Amino acid sequence: MKFGEKLIRLRRKNGMSQEQLAAKIGITRQSVSKWESGGSLR
């Protein structure tokens with residue numbers, strides 16, 4: 001399983017949106033989206 005797939009699974013398991021996760025860890029929602037799609041790991 002790739003990082004993005006794990007992130008999606010954990011985020012959904014915890015009932016969080018991309019926006020909520022981004023706010024919790026201090027990044028943009030776009031970054032979360034890129035991580036989940038495999039577009040960027042930075």
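Me: Which residues does Ala22 touch, not counting residues up to four places away in sequence?
Reply: Ala22 touches Ile27, Thr28, Arg29 and Val32. Contact here means heavy atoms within 4.5 Å.

Me: What kind of model is this, and what are the ground rules?
Reply: This is a predicted model: local features need pLDDT of at least 70, side-chain atom pairs count only at pLDDT 80 or more, and totals for chains, interfaces and linings use all residues. Residues are numbered from 1 along each chain as its sequence is written, and side-chain values use heavy atoms, with hydrogens and water left out.

Me: How confident is the predictor in the chain?
Reply: pLDDT is the predictor's confidence in each residue, on a scale from 0 to 100. The chain averages 93, and 93% of the residues score at least 70.

Me: What makes the pattern of the chain α-α-α?
Reply: Helices (H or I, at least four residues) and strands (E, at least two) are DSSP runs, numbered from the N terminus. The chain has three helices and zero strands. Read along the sequence, that gives α-α-α.

Me: Why is Gln18 called buried?
Reply: Buried means under 20% relative accessible area, exposed over 50%, and partly exposed in between, with a 1.4 Å probe and protein chains only. Gln18 has 18% relative accessibility, so it counts as buried. Gln18 is found in helix H2.

Me: What makes the pair Gln18 and Arg29 a polar contact?
Reply: A polar contact is a pair of N or O atoms within 3.5 Å; within protein, one must be able to donate a hydrogen and the other to accept it, and residues adjacent in sequence count only if both atoms are side-chain atoms. The side chains of Gln18 and Arg29 are joined at 3.3 Å. The pair qualifies as a polar contact.

Me: Which residues form the largest nonpolar core?
Reply: A nonpolar core is a set of buried Ala, Val, Leu, Ile, Met, Phe, Trp, Tyr and Cys residues joined through side-chain atoms within 4.5 Å. The largest one has five: Leu7, Leu21, Ala22, Val32 and Trp35.

Me: What makes Arg11 and Glu36 a salt bridge?
Reply: The term requires a side-chain nitrogen of Lys or Arg within 4 Å of a carboxyl oxygen of Asp or Glu. Between Arg11 and Glu36, the closest N and O atoms are 2.6 Å apart, and the pair forms a salt bridge. Arg11 lies in helix H1 and Glu36 in helix H3, so the pair ties together parts that are 25 residues apart in sequence. A search of the whole structure finds one salt bridge. Arg11 and Glu36 are both buried.

Me: How do you know that the buried residues of H3 line one face of the helix?
Reply: The buried residues of H3 are Val32, Trp35 and Glu36. Seen down the axis, they fall within an arc of 95 degrees, so they line one face. The arc is that of the directions from the helix axis to the C-beta atoms. These residues pack against helix H1 (3-13) and H2.

Me: Where do the buried residues of H1 lie around the axis?
Reply: In H1, Gly4, Leu7 and Arg11 are buried. They cover an arc of only 60 degrees, which puts them on the same side of H1. Arg9, Arg12 and Lys13 are exposed on the other side. What covers the buried residues of H1 includes H2 and H3.
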